[in-house]
Amino acid sequence: MRSVTVVSADREVEDRLLELFHDQLAIRRVWSEEWHDPGIAVREICAANPSVVVLAGLTEDDATVLAAAIDRRDPGIGVLVMVDERSQDGVVNLLRAGARDVLPITAPGEELQSAVDDVLALVAERQRSLRERGNGPPRRVIVVVGPKGGTGKTTVSTNLATGAAKRYPGNVLLIDLDTQFGDVPSALGLQPEHSIADAVSVGLNERTALKVFLSVHDSGLMVLPSPDSLADAADLRDDDIKRTVAAFIEEFPMVVIDTAAGIDEPTLVAMEFATDVIFVSTPDVPAIRAVKKQIEALNQIGMGAPRRHLVINRADARVGLSSEEIQETIGLNADFLIPGSRQFPITTNEGIPLIISDRRDKAQRSLGEMVDFFAPEAQKSNGKGLLGLLRR
């Protein structure tokens, strides 16, 4: 589902868009009175990789600064500005800064809907063009969650991330946000020297120094491990985690975040940045009910915007429940069915994710389909563009 981020001090425009687009778009509102630095504001505004950003109720000067900063950060995002009063010079400056349209804040519903549709169409075309020219993965922040331990959440995270990194080395980051008991390094055979506890100590002005705290996997995957001790985990504040995650999202086009079982504060922080959320379940009744409760809880606290995906691990287990019954109970279609495999615990103990191991297994195909979905291979030019035609 495409998403729109509304930057506004109140909910009026957000509510209007929700009424106009219902379930067609994921609508998210962000605002902070502490945005004194445009760079910090843009990182938080764009962290969930929206298709469109609506700047509503800002002054023309502030909207111009933000529109230009968003366009510089990611030209694939469309900016729509809604202002209280429009001046001719102000509109011209906003369009020059990168805004796609400027509307009065009181624009009727039909005009607002038409403007958003037009910007979305432009964004789709621009993003397609950028993908064809670029060599990196699509910008995504994928949060992998599961309400119960033992469902294979970390297995999904590590296999997805390493599979994507094999295609785009150095462009994929895996963050272990199970701050107390994270075992991503073990699953990848890494012995990290640093963790997120070290990274949070670096100021935002030293963002380039953050990468020294990452571990590098043989696949080309970059990894930010969880703290090595419970004492270090206890010292982490939610605001520090939020700033650090936002800074890393700015540096990497594709970020996969593994979380603790259940819904803790670091998981909620990660959800604020998510473009996609993967719910991992096994086909047993307790796990299925737990996922359903987790989704209901997220809906109640307003965490409903990101695209949602259901992964059923050990999907071929004969437990008397069909995938259709599971999907109906949870309320999500199962995007990926991963069959059970004896190789999973073996490869985990070896520290080599199954998707990149030499072992051949039926689960590898399902894992490969997941990688294809989230990190499709870049299309290669066929030489039939304008230059190709001129060479004939």
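Analyst: Helices (H or I, at least four residues) and strands (E, at least two) are DSSP runs, numbered from the N terminus. The model is predicted, so local features need pLDDT of at least 70 and side-chain atom pairs count only at pLDDT 80 or more, while totals for chains, interfaces and linings use all residues. Residues are numbered from 1 along each chain as its sequence is written, and side-chain values use heavy atoms, with hydrogens and water left out.

User: In which loop is the place of Arg314?

Analyst: Arg314 is partly exposed, because its relative accessible area is 36% (buried means under 20%, exposed over 50%, and partly exposed in between, with a 1.4 Å probe and protein chains only). Its place in the chain is the loop between strand S12 (307-313) and helix H13 (323-330).

User: What value is phi of Arg314 near?

Analyst: Most residues other than glycine have a negative phi. Arg314 is a residue other than glycine, yet its phi is positive, with a value near 55°.

User: How many helices and strands does the protein have, and what radius of gyration does it have?

Analyst: The secondary structure comes to 16 helices and 13 strands, and the C-alpha trace spans about 65 × 60 × 45 Å along its principal axes. The radius of gyration is taken over C-alpha atoms, and the globule rule is 2.2 Å times the number of residues to the power 0.38. Because the protein has 392 residues, a compact globule would have a radius near 21 Å, and this agrees with the value for the protein, 22 Å.

User: What percentage of the contacts with a separation of 6 or more comes from residues 24 or more positions apart?

Analyst: Contact means heavy atoms within 4.5 Å. Buried residues make up 51% of the 392 residues in the protein. Of the contacts with a separation of 6 or more, the share that belongs to residues 24 or more positions apart is 74%.

User: Is Thr151 buried or exposed, and which residues does Thr151 touch beyond four places in sequence?

Analyst: Thr151 has its place in the loop between strand S6 (140-145) and helix H6 (153-167), and it counts as buried because its relative accessibility is 3%. Its side chain reaches the backbone oxygen of Lys148 at 3.5 Å, which is a polar contact (a pair of N or O atoms within 3.5 Å; within protein, one must be able to donate a hydrogen and the other to accept it, and residues adjacent in sequence count only if both atoms are side-chain atoms). Not counting residues up to four places away in sequence, Thr151 touches Val280, Ser281, Thr282, Asn313 and Arg314.

User: With which side chain does the side chain of Ser219 make a polar contact?

Analyst: Ser219 is found in the loop between strand S8 (215-216) and strand S9 (222-224), and it is buried, because its relative accessible area is 7%. A polar atom of its side chain lies 3.3 Å from the backbone nitrogen of Leu221. The side chain of Ser219 also makes a polar contact, at 2.9 Å, with the side chain of His217.

User: Is Lys166 buried or exposed, and which residues is Lys166 in contact with when neighbours within four places are left aside?

Analyst: Lys166 lies in helix H6, and it counts as exposed because its relative accessibility is 53%. Lys166 and Asp218 are 52 residues apart in sequence, while their C-alpha atoms are 9.0 Å apart in space. With neighbours within four places in sequence left aside, Lys166 is in contact with Ser219 and Ile356.

User: Where is the place of Ala161, and which residues does Ala161 contact beyond four places in sequence?

Analyst: Ala161 has its place in helix H6, and it is buried, because its relative accessible area is 0%. Leaving aside its neighbours within four places in sequence, Ala161 is in contact with Val172, Leu174, Leu221 and Val256.

User: How far apart in space are Gly98 and Val172, C-alpha to C-alpha?

Analyst: Gly98 is in the loop between helix H4 (88-97) and strand S5 (99-104), and it is buried, because its relative accessible area is 4%. Leaving aside neighbours within four places in sequence, Gly98 is in contact with Asp71 and Val79. Val172 is 74 residues from Gly98 in sequence, and the C-alpha to C-alpha distance between them is 28 Å.
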